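Dear colleague,

I am handing over the structure we discussed, shown directly below.

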Amino acid sequence: DPERRTTGHVLRLANGTAVYTAETDLDSGQGRLVRRDPRSLAALADSPTHGIDPHQFLIDTDGSLLLANGGVPTLPETGRLKRDLAAMDPSLVRLDPRDGRLLGQWRLHDPRLSLRHLARAADGRVGIALQAEHDDADTRAAAPLLAVFDGQALRCAEAPRALAGYGGDIAATGSAFCVSAPRAGGVARWSLDGRWIGHTALDEACSLATAQGALWSGGRTQALALPDTAPAATHALAAVRLDNHWVPWAIT
């Protein structure tokens with residue numbers, strides 16, 4: 001649709017009956033959730049995300065859909081160029097995937113923290129990677145990178161060090177939420193209840209995924225494996241420059 005722009009992520013239902021896309025309506029600037037036929041991609045349903053700049057979303061344990069509205073205003077003629085950041089309105093919404101009905105909406109106290117990427121832990125808690133959009137460079141650099149949603153409340157997790165205010169990706173292991181911090185050169189980890197664990201260095205760390213009992217992160221020239229019960233290991237990436245995300249693929 002020439003009046004729409006997709007915003008970075010799609011979701012395919014496990015049973016293969018539908019594909020969801022998050023989009024921005026270029027006339028209104030509002031976020032839209034579109035349910036599409038998985039074969040033709042024809043739109044089957046179209047509903048609001050109750051915010052702007054929708055980004056990643058996932059199906060929660062109760063079958064509802066959790067979606068991060070990044071809240072950053074843009075204009076169609078300038079693409080992703082950010083504007084009027086004082087009007088930011090990021091939120092996490094719970095939607096009924098059948099009809100798009102709003103089931104809940106949560107906001108952080110700081111509207112300059114854009115909610116971007118989501119990961120659900122085995123215990124049901126959801127971690128959200130944050131990207132700070134503060135005007136002041138020091139405030140932006142010291143901003144939190146992780147928010148934790150327990151199904152009732154959304155709150156930021158603190159860190160004892162500055163992480164440059166930019167969470168690139170997020171993954172959940174059995175015991176931790178992990179957020180890549182490419183501008184701080186590594187992967188930051190918190191317990192599932194938001195307590196700081198530590199930071200592991202990796203140049204331009206961004207893409208995260210869990211596979212074979214370890215967290216894997218891709219960086220500028222190396223991949224980093226962080227097993228739950230073993231020391232970290234790095235692997236050289238020859239002639240490869242990774243982008244923001246990757247996924248594990250089982251080869252049989």
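Predicted model: local features only at pLDDT ≥ 70, side-chain atom pairs only at ≥ 80, totals over all residues.

I begin with strand E15 and its neighbours. Strand E15 covers residues 186-191, and five of these six residues are buried, so the strand is largely enclosed by the rest of the structure. On one side, strand E14 (residues 176-181) pairs with E15 in the antiparallel sense, over six bridges. Within that pairing, Val179 of the chain stands opposite Ala188 in E15. The two strands form a hairpin with four residues between them, and Gly185 in the turn has a positive phi of about 70 degrees.

Strand E15 also pairs with strand E16 (residues 196-201), again antiparallel, through five bridges. E15 and E16 likewise form a hairpin with four residues between them; here Gly194 in the turn has a positive phi of about 95 degrees. Trp190 has Trp196 in E16 as its bridge partner.

Two aromatic pairs were counted in the model. The ring centres of Trp190 and Trp196 lie 5.2 Å apart with the planes at 80 degrees, so this pair is edge-to-face, the class for angles over 60 degrees. How accessible is Trp190, buried or exposed? Trp190 is buried, with a relative accessible area of 0%. Trp196, at 26% relative accessibility, counts as partly exposed. A further contact with an aromatic ring involves Tyr166: Arg183 lies over the face of this ring, at 4.0 Å from its centre.

Next comes strand E18. Of the five residues in E18 (residues 214-218), four are buried, so this strand too is largely enclosed by the rest of the structure. Strand E17 (residues 208-211) runs antiparallel to E18 and is joined to it by four bridges, with Thr210 standing opposite Leu215 in E18. The hairpin formed by E17 and E18 has two residues between the strands, and Gln212 in the turn has a positive phi of about 55 degrees. E18 pairs as well with strand E19 (residues 222-227), in the antiparallel sense and over five bridges. The bridge partner of Leu215 in E19 is Leu226. Three residues lie between E18 and E19 in the hairpin that they form.

There is also an open sheet of four strands, in the order E9-E10-E11-E12, with antiparallel pairing. Strand E9 (113-120) and strand E12 (154-157) stand at its edges with a single partner strand each, so one side of each is left without a neighbour in the sheet. On average, neighbouring strands of this sheet are turned by 30 degrees against each other, direction ignored. Four bridges connect strand E11 (residues 146-149) with E12, and Leu146 has Ala157 in E12 as its bridge partner.

Finally, I draw your attention to Asn69, which is placed in strand E6 (residues 65-69). Asn69 counts as buried because its relative accessibility is 0%. Its side chain reaches the backbone oxygen of Thr49 at 2.8 Å. Asn69 and His50 are 19 residues apart in sequence, while their C-alpha atoms are 8.1 Å apart in space. Beyond residues up to four places away in sequence, Asn69 touches several others, including Gly51, Ile52, Asp53, Pro90, Val93 and Leu115.

With kind regards

Conventions. Residues numbered from 1 in each chain as written. Heavy atoms only, no water. Buried < 20%, exposed > 50% of the residue type's maximum accessible area, 1.4 Å probe, protein only. Pairing = 2+ DSSP bridges. Axes fitted to C-alpha atoms, helices over the stretch in contact; angles between N-to-C directions. Contact = heavy atoms within 4.5 Å. Polar contact = N/O pair within 3.5 Å; in protein donor to acceptor, adjacent residues only side chain to side chain. Phe/Tyr/Trp six-rings, centres within 6.5 Å; stacked < 30°, edge-to-face > 60°. Lys NZ or Arg CZ within 6 Å of the ring centre and 35° of its normal.
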